[in-house]
Amino acid sequence: MASISNRYTQLIGIEHPIVQEGLGPFRTPKLAAAVSNAGGLGTVSMPGMPVDIDAGARTFREHIEEAASLTDRPFAVNIPVGVDHNGEVLPFTDTYIKTVLAAREADETLARQLRVMTTSAGFPGPYIQAIKDAGMIHQHKVGSTRQAVKSEEAGIDVVIAAGFEMGGHAPSKAVHTFVLIPSVTESVDVPVLLTGGARDGRGLAAALAMGADGVAMGSRFIASHENSDWHPNYIQALLDAVEGDDVAFDGVYGPCRGLRNNASKQLLAGGGLGPDGSAEKLSEVELMRWKIESMQLSQTDGDVENGLVLAGQVSSALHELIHIAEFVPAMAEEAAGILRGLASRLDASVMPN
């Protein structure tokens with residue numbers, strides 16, 4: 001089975017330019033290890049924003065070490081850069097980044113596997129040098145060409161360009177992938193990954209045709225046999241979704257995409273969260289925590305009506321669970337076959353009679 005080797009796979013040390021997106025706020029070590037074992041890049045997500053941040057950091061480190069025990073291949077971590085209204089980085093972001101750096105420093109074997117840190121949401125400026133000094137590859141998720149250029153200029157190694165159709169926290173600029181990706185790839189020289197809308201080899205081939213170096217996927221990997229940590233109700237909700245079932249609402253770091261249910265309707269209506277039915281009764285931090293706990297409610301308890309079910313528009317096209325070990329290399333092979341087929345048809349069309 002053919003692999004697609006390019007500057008991104010060579011930089012990370014993986015077989016296929018296929019990445020599992022950050023999927024917090026819950027457990028993803030098994031899923032991350034499965035994607036890495038299949039030749040892609042798995043990602044361990046942060047475990048939420050608990051009241052006791054130190055306890056959250058210990059949980060995060062446990063998840064990192066669990067992933068390392070399940071694969072001997074490279075994997076990543078994903079940490080959103082949360083900021084308050086004054087632009088100050090929230091404590092959980094600082095703690096989680098330092099937790100990752102400390103874990104690598106304490107274990108050389110772990111450091112060889114945990115090669116990549118992905119940041120998203122706010123700009124990671126205060127941490128770029130520390131991540132670089134630690135010897136990690138730094139990926140940052142952006143939603144606009146301006147943000148991509150700013151990231152490259154600041155020293156980011158890989159840009160993840162996020163189209164508005166993506167699940168979870170979506171870019172505030174609301175630009176979709178087929179507009180965003182070509183603009184980003186023609187504006188920066190670092191490797192670019194497409195995230196938002198990809199689900200198979202056709203999406204990977206399209207990303208490569210637009211100048212990207214690979215794709216990152218969330219919803220497609222959630223709906224997999226290997227995702228045994230998440231509640232079956234959540235996974236089934238994605239498989240049952242049809243076109244139009246997704247909606248964008250105000251998330252933790254900005255716009256967020258998930259399925260229509262009681263929880264997302266509450267946010268869209270701007271109420272139902274406080275003691276008297278008003279979101280305004282919650283402080284900024286309390287509201288943020290409510291949203292994260294609501295996300296976890298659907299993931300852990302399977303309450304897909306009263307918990308936020310994060311999902312991309314691509315969920316409407318997911319109809320069955322996949323086996324990741326088979327899916328990842330097959331996706332790369334499908335993309336390669338599409339590109340070879342297109343090239344051969346073009347060659348044939350210009351051949352003299």
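Modeller: Gln139 has a relative accessible area of 1%, so this residue is buried, the cut-off being under 20%. The model is predicted. Gln139 sits in strand 5, which spans residues 137-142. What does the side chain of Gln139 make a polar contact with? The partner is the side chain of Thr118, at 2.9 Å. Thr118 is also on the list of residues in contact with Gln139, once neighbours within four places in sequence are set aside. That list includes Val116, Met117 and Thr119. Ile156, Val158 and Ile160 are on it too.

The side chain of Asn6 reaches the backbone nitrogen of Tyr8 at 3.0 Å. A polar atom of that side chain also lies 2.9 Å from the backbone oxygen of Asp213. Asp213 is touched by Asn6, as are Pro17 and Leu208, with residues up to four places away in sequence not counted.

Next, a strand. Strand 11, residues 255-259, has 4 of its 5 residues buried, so the rest of the structure largely encloses it. Which strands does it pair with? Strand 10, residues 246-250, runs antiparallel to strand 11 over 5 bridges. Within that pairing, Val247 has Gly258 as its bridge partner.

Last, a helix pair. Two packed helices are described by the angle between their axes and the distance between the axes. For helix 2 (residues 29-37) and helix 3 (residues 53-70), the angle is about 35° and the axes are 8 Å apart. The crossing is right-handed. From helix 2, the contact takes in Pro29, Lys30, Ala33 and Asn37. From helix 3 come His63, Glu66, Ala67 and Leu70. By type, these residues divide into 4 nonpolar, 2 polar and 2 charged.

How values were computed: Residues numbered from 1 in each chain as written. Predicted model: local features only at pLDDT ≥ 70, side-chain atom pairs only at ≥ 80, totals over all residues. Heavy atoms only, no water. Axes fitted to C-alpha atoms, helices over the stretch in contact; angles between N-to-C directions. Helix = DSSP H or I, 4+ residues; strand = E, 2+ residues; numbered from the N terminus. Left-handed = near helix turned anticlockwise from the far one by under 90°. Contact = heavy atoms within 4.5 Å. Nonpolar A, V, L, I, M, F, W, Y, C, P; charged D, E, K, R; others polar. Buried < 20%, exposed > 50% of the residue type's maximum accessible area, 1.4 Å probe, protein only. Polar contact = N/O pair within 3.5 Å; in protein donor to acceptor, adjacent residues only side chain to side chain. Pairing = 2+ DSSP bridges.
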